[in-house]
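Visitor: I should like to learn how to read the features of a model such as this one. Please guide me through it.

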Amino acid sequence: MTIPEIRSKGDDSPPKAVIQHPNMPIHSPILPSPQQRKHWAKQYRTEIAASSSSLLSTFAAYPLDSVKTRMQA
């Protein structure tokens, strides 16, 4: 969608740009703030550690297991 499609008819003024100050944090309704992320990670650190170790071991062990199975055949 282009800018002229967004503007109403008869509005020939240039679009106004939103200027974000470099020191102001950008808040999104989707992404949590850094403080919320830190709190969430601290609260669920055991689950995060277990999930990441499970993924890492699966990615490391599956190719080795495949090679072992082919060598046994």
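The dialogue below turns to confidence, then to helix packing and helix geometry.

Visitor: What is the mean pLDDT of the protein?

Guide: This is a predicted model, so confidence is considered before geometry. The mean pLDDT is 78, and 62% of the residues reach 70 or more.

Visitor: Which elements have the lowest and the highest mean pLDDT?

Guide: Where pLDDT is low, the predicted coordinates should not be read in detail. Helix 1 (residues 3-6) has the lowest mean among the elements, 49, whereas helix 3 (residues 45-72) has the highest, 94. Over residues 1-5 pLDDT stays under 50, and the model has two contacts beyond four places in sequence for that stretch.

Visitor: At what angle do the axes of helix 2 and helix 3 cross?

Guide: Angles of 65 to 115 degrees count as roughly perpendicular. The axes of helix 2 (residues 34-43) and helix 3 cross at roughly 75° and come within 5 Å, and the two helices are therefore roughly perpendicular to each other. Helix 2 contributes Trp40, Ala41, Lys42 and Gln43 to the contact, and helix 3 contributes Arg45, Glu47 and Ile48. Of these residues, three are nonpolar, one is polar and three are charged.

Visitor: Where in helix 3 does a kink lie?

Guide: The kink, of about 30°, lies at alanine 61, shortly before proline 63. Helix 3 has 28 residues and spans 40 Å from its first C-alpha to its last, close to the expected 40 Å.

Definitions and conventions:
Residues numbered from 1 in each chain as written. Predicted model: local features only at pLDDT ≥ 70, side-chain atom pairs only at ≥ 80, totals over all residues. Heavy atoms only, no water. pLDDT = per-residue confidence, 0-100. Helix = DSSP H or I, 4+ residues; strand = E, 2+ residues; numbered from the N terminus. Contact = heavy atoms within 4.5 Å. Axes fitted to C-alpha atoms, helices over the stretch in contact; angles between N-to-C directions. Parallel < 35°, antiparallel > 145°, perpendicular 65-115°, else oblique. Nonpolar A, V, L, I, M, F, W, Y, C, P; charged D, E, K, R; others polar. Expected span 1.5 Å × (residues − 1). Bend = angle between axes of the 7 residues up to and from the residue.
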